[in-house]
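Good morning. Please look at the slide while I go through a few points, and keep questions for the end.

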Amino acid sequence: MCGIVGYVGKKQATPILIDALKRLEYRGYDSAGVAVLTDKGVEVYKTEGRISELEAQLPDINGLCGIGHTRWATQGAPTTINAHPHVSGNISVVHNGIIENYNELHKFLNNEGYEFVSETDTEVLAHLTNMYYKGNLVSAVIQGLKKVKGTYAAAFLCGDSKQVVAARKESPLIAGIGNGENFIASDVTALLKYTRDIVYMHDYEIVSLAGGQIQLYDFWGNPAKTHIDSIDWNIEAAEKSGYPHFMLKEINEQVTSVHDIMMGRVSKLNGDVALDEIKLSMEEIQNLERIVIVACGTSYNAGLIGKCLFEGLAGIHTDVEVSSEFRYSNHVLGDSTLVVAISQSGETADTLAAIREAKNYGCRAIAITNVVGATLAREAENIFYTRAGPEIGVAATKTFTSQLVALYLLAIYFARIRKRMDMDRSKRLLASLTQLPGMIQQILNSKDLIKKQAVRFSNAKDYFFLGRSLNYPVALEGALKLKEISYIHAEGYAAGELKHGPLAIISKDTPVVAIATRSPTYDKMLNNIREVKARGAQVLAIADLNDAEIDKNADAVIRIPVTDELLNPVLSSVVVQLLAYYSAYALGCPIDKPRNLAKSVTVE
Ligand code: AGP
């Protein structure tokens, strides 16, 4: 999704804007641009393509104040003319979001004599602000935005003064406070090099950066209170530390992230989970009749595992809904329904809309997210932070396994309160959970074996991932990961569904990854492996370390350490992540920034 940055200070703005934009590259983009205030007025440079192409055509720019943008095309093709900043008179603007009443505003501005040069909806923001500008940029921005329906994080620069004004509604925006210099950006990773003092902006807030100061305003132009948060992520966490790709770094970081999420939340001694962040009373938890999980993509796959846990451990009926479907469907919800929204970024537009919709029905809500201060965290009364550190690769990896651990902890917490799990069982399960980091390390140690299999099948056109029960969501996740970064078509299937259609396309040319860890459905899984082998498919099984049976059935086996069978998805996920990574690597794909995709999908 689009990234926006802004700077006002004592240093040259251009290198800071370019550096901050590069740190937002992972969000996905197809053009980039900057506007900088110089002695000659505002200079605007933009281009389709990468930031490096923009950088290559920048002259020496002398200016201490500017805005920048990476655009992920929604309305209008990814061309230079449609790239941001957009300009009207003395005003330049960069924007992330969608102006829904674009047609109406376009007509209105045409009648007022404004001519449009781009196909973008953003250009109306430039013209509106220009139209209302009478020497006060904050006031002009507010008047313009009052006419707008839709979503925005937008930053404005005017040729008259060293000031950047930015505003937010339903698209992420933060301000950063430095020493005599201030910033705005779409997310903290852009600013970690410069400051860790962050203001998370709320909807309908306006911020002005000028003269070494920042000032917040409400939508009526009244000064508003500034809440500064100090964040503990550091710049090293957001850099590659010697790995060729962020994705590989983040896969490796799971040894730490799976450990960190449990810190202070798990007592192995008495089998208790301490979740101070969950404000539901014991009585409310006992009376819960239903859980609805809303999420998208990988977070949705985590939700499917959450369903097995909430139902299996805590005895609470659970539905999992794709957020974009949930927001437009008919609901049967009430105050004994708990909504659990899962989102790594906490900014996914559909998941935000879904949780708002559920809250309208009086549901209680828990957000599971990785980003402190994200919009989702502000929408839910209960926030379960996954503490995985910044995830830059577009493919979610460490945040997925952290989401799983969050769901294990929540399910055990509910199960204990609802008296569905005795202390012995919870002690054993928690002890097994705390052994996962070491086991992940063992899987990482066998990466060469996984790489070999990935390379072997990297010319396949179609891949199948099969699993049953808890392994079925892992099969979905394996297929999602593979197609996302290697562009190989892949399908995840519940193994028992094979005979109902997909078996027709299984042949010697369709490698099948069978997630076949020990479980009550293990024997059924072996039958499914035989079914596909009988059609000529090559089978790569993911199985337990001590499973001798599997060798007789599969062509190759990747082994994972033996743990409580409920926890297998954490381990087998690491295998499918590595498989996807090495397949994409063998094919020379741009692993961290796959085509057409954005890290954080902040528009519908
Ligand atoms: C995962 O690899 C994908 N990039 C994508 O499916 C992602 O999980 C989805 O867009 C949801 O994002 P969120 O967790 O930030 O809400």
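Salt bridges come to a count of 28 here, where a salt bridge is a side-chain nitrogen of Lys or Arg within 4 Å of a carboxyl oxygen of Asp or Glu. One of them joins Glu 284 and Arg 364, with the closest N and O atoms 2.3 Å apart. That pair links distant parts of the chain, 80 residues apart: Glu 284 is in helix 8, residues 282-286, and Arg 364 is in strand 21, residues 364-369. Helices (H or I, at least four residues) and strands (E, at least two) are DSSP runs, numbered from the N terminus.

A word on the source. This is a predicted model, in which local features need pLDDT of at least 70, side-chain atom pairs count only at pLDDT 80 or more, and totals for chains, interfaces and linings use all residues. Residues are numbered from 1 along each chain as its sequence is written, and side-chain values use heavy atoms, with hydrogens and water left out.

Now the ligand. Which residues come nearest to the ligand? Of the 13 around it, they are Ser 299, Ser 343, Gln 344, Ser 345 and Thr 348; a residue counts as near if one of its heavy atoms lies within 4 Å. By class, this shell has 4 nonpolar, 7 polar and 2 charged residues. Nonpolar means Ala, Val, Leu, Ile, Met, Phe, Trp, Tyr, Cys and Pro, charged means Asp, Glu, Lys and Arg, and the others, Gly among them, are polar.

Next, polar contacts, which are pairs of N or O atoms within 3.5 Å. A ligand oxygen is 2.6 Å from a side-chain N or O atom of Ser 299. For the side chain of Thr 348, the distance from a ligand oxygen is 2.5 Å. Helix 9 (297-314) and helix 16 (471-486) are the elements that give two or more residues to the shell, and helix 9 has the largest share, 3 residues.

Last, two backbone details. The peptide bond from His 84 to Pro 85 is cis, with omega near 0°. Pro 85 lies in the loop between strand 4 (65-71) and strand 5 (86-88). Glu 170, not a glycine, has a positive phi, near 60°, and is in the loop between strand 8 (163-169) and strand 9 (174-177).

Technical notes
Polar contact = N/O pair within 3.5 Å; in protein donor to acceptor, adjacent residues only side chain to side chain.
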